[in-house]
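Keep the structure open as you read.

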Amino acid sequence: MRKLKVFVSSKQDELHNEREIVKRALDARECEPILFEDMGAQPSSAQTAYRDGVRKSDVYVGIFWNAYSEVTANEYHLAHDELGLPCFVYIKESTQRDPALQQLLAKISNEKRGVTYFPFRNVIELETQVQKDIQAWLTERALNPSAITPKQLHDARRAFLQWIIDTNTYVFPRGIMQTARSVSLKLDDVFLSLRAEREVRTAERRPLFDERRSRDEGLPAEDTDAWLAEQWTRELAATHTERVTLAQAIREHPRVIFLGEPGAGKTTLLRFLALQFARATKDLSGLQDPGPAVRDHDGNDYGAVRLPIFLRIADYAHAFAQRHPSLREFLPDAFSDIAVPRDALARLFDDALAQGRALVLFDGLDEIVDAGDRARIAEQIERFVAAYARQGNRFVVTSRVAGYRSAPLGGEFVHLTLAPMDKTEIEKFLARWCPAVERAQTPDAPASEIARRAKIEQDGILAAVEQHIGVRRLAENPLLLTILALIHRTGARLPSRRIELYQLAAKTLLEDWELARGIPSADVVKEGEALRLLGPLALWLHENKPTGIASEDEVRLQLAQTLATQRRTSPDDAAIQEAVDDFLRRVREHTGILTERAPRRYGFLHLTFEEYFAARELVSRPQDVAARLRAHLHDPRWNEPILLGIAYLSDAFPDFAS
């Protein structure tokens, strides 16, 4: 069971012994004390640290003597006035008190709700009383676990839904360092409900088959049954691809797993769902059964209103590695940033799950790198879903395709793969994206001018998509299409300088995007490092692997040989193997360029990136360029790498390139 978290507040310089005594008393009751000095906060971050500590706590304990600091007073006000935590205040006897402290103590002693006020003379009295008070509170909570007032529950619900809305209203396509100014766009304005694909066995399509039979008029009556039996036998084990819209999938399937490549829009989909359901639910006085339908700006129907609970699986995995909480125990901890008592959030989630009115969104199963850890977390998800599915709740999980099969979710989940965007969807996306960017960049411009500029941008990108297969490959991926659109807006016309386009796109995915997400610089794969290691790997893949996929052992060998050549040592050297481990870890965790397409099998995100890095390697040594190009000159598979390589050379050595 999760330990009770108790925030201990006092002036450190005055009451050091008393703080230690309280900490010992809480340890005796198997509570988890949270003390400011244990947070490792610097003076500049003191305010943030104490607020975070109070918000993570279940109970507040304050110890006062002759004076108080502003931080100490703020801790009490946050705990009692804003969060409504139960507060235990202990006053050491004194003949001299600061007037400001006297005023604060008068306020505390007059509080009518949630405050226990006790004067003490020595540390023995303090320790005894703290243990007594905490034990009494634990006993009361055990006897009455739902001791949350209706107002507290209502306030928690409103605050939680508003937090979901506030954190998901905008998208911030940061990481494009070439843009003139940052862009923040409303998710509603740019979101496009894409299609997903599902492989189904013929047995699941029997009603459709029977419907064909009822309409068939081309066969004699005596031959119809025999013909259908033959067709049924032939197709029984076959699979068919069924395409569904995202709204249809959410509306019709209680348990859905969306699989997709990096940048396919998995997280954006869950953010959009959380936003739509939070808005619809916030407008109601409570969850209703059945509730009104949740609809987006296009009129797509996602089903009845539910409380959206959006959880990053990586956050749970981190907590699970430390203290092994169940998912139900962890849910309120996942939202510690919200100024709501933890018990109130727990009650909010428990009620929604018990009533079958929750939409639980699990994002990023693939973000757990270790297969064993992923299997353990998958088991926890399965247990949680099994416990709450029968009540009528809905569950959505996302994962990259890579690695998912090594730890798939069991049960009755429907597996859907996000489909690449086709021409129509690309046009629809740009028809929303380009005007939204123009409005964000030039909010004071007339609507007609915004529309004119947006149309120019849209037409330019679509022309590039139509004319160049490499650009078209990139544009099928929502993330990469976003990058293309932002790069195009800087004036880099995509058709004329394709090599620059790929270079910017690669750098964005490798460095800019990850740094903008807050990934530490030391963990990011820099462009120079990528060229040194991914260039030779891409060239080898293009020469030896028509599928573009190689085993992990093959990839490791290629990387080790490249590093050993660069460092003039053996591929088996321990330092080389350690460097390969580190590089592959950072590639798996922090880039979308080289991906684990299947367990222990790697390939580039798109053939375009394989061709780009192979091209850079082709021309990396001027003395070998001619020989390398001639070796592949009349092979259609090498046309793009050769052209990209020559284009790259043309900047520095135009005569040589010609």
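**Cavities and helix contacts**

The cavity count comes to two of 30 Å³ or more. A cavity is a set of points on a 1 Å grid, over the protein atoms alone, where a 1.4 Å probe fits but cannot get out. Grid points are joined across faces, edges and corners, and a volume is the space filled by probe spheres set on the points. This is a predicted model, where local features need pLDDT of at least 70, side-chain atom pairs count only at pLDDT 80 or more, and totals for chains, interfaces and linings use all residues. Residues are numbered from 1 along each chain as its sequence is written, and side-chain values use heavy atoms, with hydrogens and water left out.

**The largest cavity**

- The largest cavity holds about 50 Å³ of space.
- Its lining (residues with an atom within 4 Å of a point) is Trp433, Cys434, Val437, Glu438, Glu457, Ile461, Ala485, Leu486 and Arg489.
- Two or more lining residues come from each of α16 (423-441), α17 (447-467) and α19 (478-489). Helices are DSSP runs (H or I, at least four residues), numbered from the N terminus.
- α16 gives the largest share, four residues.
- By class, the lining has six nonpolar, no polar and three charged residues. Ala, Val, Leu, Ile, Met, Phe, Trp, Tyr, Cys and Pro count as nonpolar, Asp, Glu, Lys and Arg as charged, and the others, Gly among them, as polar.

**A roughly parallel pair: α3 and α4**

- The axes of α3 (residues 70-82) and α4 (residues 99-109) come within 12 Å and cross at roughly 15°. Therefore α3 is roughly parallel to α4 (angles under 35 degrees).
- Axes are lines fitted to C-alpha atoms, for helices over the stretch in contact, and angles run from 0 to 180 degrees between N-to-C directions.
- Ala73, Tyr76, His77 and Asp81 of α3 touch Leu104, Lys107 and Ile108 of α4 (contact means heavy atoms within 4.5 Å).
- This contact has four nonpolar, one polar and two charged residues.

- α21 (residues 527-544) and α24 (residues 607-618) pack at about 100°, with axes 7 Å apart. So α21 is roughly perpendicular to α24 (65 to 115 degrees).
- The residues of this contact divide into twelve nonpolar, two polar and five charged.
- The axes of α12 (residues 313-323) and α15 (residues 371-388) come within 11 Å and cross at roughly 105°. So α12 is roughly perpendicular to α15.
- Ile313, Tyr316, Ala317 and Phe320 of α12 meet Arg376, Ile377, Gln380 and Ile381 of α15.

Technical notes
Parallel < 35°, antiparallel > 145°, perpendicular 65-115°, else oblique. 1 Å grid on protein atoms, 1.4 Å probe; cavity = no way out; pocket = protein on both sides within 12 Å on 5 of 7 lines; lining within 4 Å.
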